[in-house]
Amino acid sequence: MKLRRLLALVRKESLQIVRDPSSILIAFVLPTILLFLFAYAVSLDVQDVRLGVVLENDGAAARELAAEFAATRYFDVLPVRDRREVEGLVVAQKLRAVVVIPQDFDRRLAAGSRPAVQVLTDGSQPNTASFIAGYAEGVVATWFESRKRERAAIGPTATGPTVALQPRFWFNPEVESRRFLVPGSIAIVMTTIGTLLTALVMAREWERGTMEALFSTPSSILEILLGKLLPYFGLGMLATLGCGLLAVTVFDVPLRGSWGALLALSAAFLVPALGQGLLISALARNQFIAAQVAVFSGFLPAFLLSGFLFEIESMPPLIRALTYLIPARYFVTGLQTVFAAGDVWAQLGPNMLAMLAVGAGFFAITARKTRKSLDR
Amino acid sequence: MVATVEIRGLAKRFGDHPALHPFDATIEAGRLTGLVGPDGAGKTTLLRILAALMAPSEGSVRVLGHDVAREAVGIHAEVGYMPQRFGLYEDLSVMENLRLYSHLRGLRGKDLEATFERLLSFTRLGPFTERLAGRLSGGMKQKLGLACALMAHPKLLLLDEPSVGVDPVSRQELWRMVEELTDDGMAVVWSTAYLDEAERCDTVILLNEGRIEHDGPPEALTRRLAGRSFRLVRPDDDRRTLLAKALDLDGVRDGVIQGHGIRLVLAENEPRAAVDELARGAGAAVEAVPPRFEDAFIDCLGGGPGGRSAIAERMDPVEPDALNGDVAVEARQLTKRFGQFIAAERVDFEVRRGEVFGLLGPNGAGKSTTFKMLCGLLEPTSGEARVVSLDLRRAPSAAKRQLGYMAQKFSLYGLLSVRQNLEFYSGVYGLTGGRRRRRIEEMIETFGLERYLGESPETLPLGYKQRLALACALMHRPPVLFLDEPTSGVDPITRREFWSHINGLVRKGVTVLVTTHFMEEAEYCDRVALMNRARVIALDSPDALKARAATAERPDPTMEETFIALIEAGERRAEADPAGRAA
């Protein structure tokens, strides 16, 4: 390997990146759009859900419970007297759910039994529906408990609960989905640059016949591949920095760990991402096919199987086993650790090693498949 | 003298498909070796093997003493290779391309400077060093590609189809440069599908379907045909009818239209009496002419096809009044701009009924753009296009029903079978019911497509692919036929068969517009518009154009020489009167 030849190739590739609007688009514009989407548009949080509360009973207790619903920040309550008033609104999707406090509420309460409260949810959005159902039940249960306690405190045989539950969420005290979506989306961005862009530019060299011209010169295959990888590695690191800065400054996602750890993590992820891009272009010497394969084998798994949007623990065992082969899985875990917890090396180290191992696999296959020859 | 390249029993297969059948050959230093043959003959494969980019399946090849299979490193260091489309980075400037290849070749210091200086003056690219390679004309790209390949100070230079997409003037310059290189002792291999280029090479390897048909000086091949080529000039009969008659004679091996007459090649040991008799009948004079390389090639392959066209015989003559007048196609000041780029500029001509009208010029000259505007596939930026007096802007579908269009590369659907393609196109052209069924059956019968009906057009032999494409375009019996590069990438035999169909159709009154970058095909046309850099630079009959370019030293120029002379004359005029262009 000659350094001079490698430098010439790196220089050529860098010039091409700078001049090609599509690489700038993929490396900087697309990530920014993606980050904005995940920070603002996509939110798994439920807030200000429009909820109808039907007060069929006019007792003080019933009104107290209704007020309890109105008091939380999760619901935006529409109080009515008759359930017929809200049914149409649920069908028209103006309300997500309805809580019915029945006529016999006071009576049953007075009788010392626990009255039933009906929660009707719009099942067309299952996640929201189950959240509302759960939360509404929680509101009712809490209200009963506190009422029981109050009664007990007033009453002669007061024992009272000595333990009060104070929930506290670790790592994400505000329970904002943005705090794990934004770091996770860095993994998507890096997959795009590492795998998609690399596969595309290699396939382009095959298509335009420039690969053939390079092969006819004394430069070795290692020089040619490194000449491709190094500039895109640099581009990937730049994009990480950019995404990280955006996350911290614009989206207010705290970075608890160090920048060094974040960059080290990204560097480790770029190894399998670039390896995969190279492998794809070694097999598909055509930009269209390369793009398809890169999206299906890189981009979609990074989205669906990395734990970025869907929890790996709740996947069926077979799919869960598959996720171990997806480098983005380790990267997403690592990113969430660095952002939310800090430089927990016991957690980051194994993830980085796993990424390097998958990357080594890709490179080993690529090395076997790539020769300085046009024979296939 | 040690040969630069020694080929012993070389064969190459891709899977089951043989690309090169076993052969021996040598390539000598200080000579220009032509690697000649139609597309798909195996030229690129052979060059890639010589450049050590592919390994032989059988046999051995030694290049400059290195074995191509085992000692690729040595070959990559000492051989210059220019792939098809020149292998340039279009988003890098001329200088950046040169610098990249010089670094890859390990040039440095004084050597580097001297090489740059030499190559820039050799290729005359000096004034354009800062321009992006993608913005260069075809000719300049070719020179830059050559400069990059020469960076190695190679002893062997391999050029893969360097003349494709390059205007004739630049091609001329390339010949000059290559001759200089061979004079300095370099071995140069030049691959080409243009048979007329073979005559300029010192020695020729003629390939057809992976087999070597000839290896030696081109004269050795043409000499065998001495006394067998004739020209019948100024016949009273229509030259197309005369050609069809001539090709049906047993003793005639090959025949083409040339200017106002026809050109024939007799079979070996065949007396010329038959030709004399034919000429007498047609009132033509017979001239013996020297054989051309193409004559020899056709002879090697066993002669050209007959002159009859089954499709033309089936076709009803076009009614004279079907055209509303005498003009079939009109282009009025047609201009097309793509952003800053002018693809066609004020193109102006009319095509008369029953005429074969050729648009001739190198790739990128604006032929296809003009064509697409004429058949309504592209909207002109300004100007007007009419087919059969119908304005393509105002009555596009009525106009389109009057024309048949055969696109470049045939545009057949690979995922449909041959029959489904026929059905699809008959539907597109509005044929229905029994008429549609009859037409399809008729096409299958006349073009002999029965045995391929269930197959994909992609697996068809080239000749059949072309027949199918023609069948699809003729399904609705259009009075006007547009053919866009119908013969590019087609071997000379298939090309002749194609022209015999066209000649037959024209005799039935069909008007044909054709684009081609094969200069010699202009001969089949009644009139030719020469296009260069988006403009029509000359428009006349082939003979009249040649007469304009004729000089004392060159009384009978070829079409290519004519083209060059006319371009140069145009440029001289533009220099003498710089305002003329704007006026």
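Analyst: Helix axes are lines fitted to C-alpha atoms over the stretch in contact, and angles run from 0 to 180 degrees between N-to-C directions. Helices (H or I, at least four residues) and strands (E, at least two) are DSSP runs, numbered from the N terminus. This is a predicted model, where local features need pLDDT of at least 70, side-chain atom pairs count only at pLDDT 80 or more, and totals for chains, interfaces and linings use all residues. Residues are numbered from 1 along each chain as its sequence is written, while chains are lettered from A and ligands numbered from 1 in the order in which they are written.

User: What makes H1(A) oblique to H9(A)?

Analyst: The axes of helix H1 (residues 3-19) of chain A and helix H9 (residues 221-250) of chain A cross at roughly 45 degrees and come within 8 Å. Under 35 degrees counts as roughly parallel, over 145 as roughly antiparallel, 65 to 115 as roughly perpendicular and the rest as oblique. That makes H1(A) oblique to H9(A).

User: Which residues of H1(A) and H9(A) meet?

Analyst: Among those in H1(A) are Leu6(A), Leu9(A) and Ile17(A), and H9(A) brings residues including Ile224(A), Leu230(A) and Pro231(A). Two residues are in contact if their C-beta atoms, placed from the backbone, lie within 7 Å. By class, this contact of H1(A) with H9(A) has nine nonpolar, two polar and four charged residues. Ala, Val, Leu, Ile, Met, Phe, Trp, Tyr, Cys and Pro count as nonpolar, Asp, Glu, Lys and Arg as charged, and the others, Gly among them, as polar.

User: How do you know whether H5(B) and H6(B) are roughly parallel or roughly perpendicular to each other?

Analyst: Look at the angle: helix H5 (residues 138-150) of chain B and helix H6 (residues 168-183) of chain B have axes that cross at roughly 20 degrees and come within 9 Å. H5(B) and H6(B) are therefore roughly parallel to each other. H5(B) supplies Gly138(B), Gly139(B), Gln142(B) and Leu146(B) to the contact, and H6(B) supplies Ser170(B), Leu174(B) and Met177(B). Three of these residues are nonpolar, four are polar and none is charged.

User: How many residues does each chain give to the contact between chain A and chain B?

Analyst: Chain B gives 23 residues and chain A gives 21. H3(B) provides the largest share of the chain B side, five residues. That side of chain B divides into 13 nonpolar, five polar and five charged residues.

User: How is chain A divided into domains?

Analyst: Domain 1 of chain A covers 3-42 + 176-369, and domain 2 covers 49-154; such bounds come from an automatic or database domain assignment. The C-alpha centres of these two domains of chain A lie 48 Å apart. In chain B, the centres of domain 1 and domain 3 lie 35 Å apart, and 10 residues of domain 1 are in contact with nine residues of domain 3.

User: Where in chain A is the pLDDT below 50?

Analyst: pLDDT is the predictor's confidence in each residue, from 0 to 100. Chain A has a mean of 85, with 92% of its residues reaching 70 or more, but over residues 157-162 of chain A the pLDDT is below 50. Where pLDDT is low, the predicted coordinates should not be read in detail. Chain B averages 86, and 97% of its residues score at least 70.
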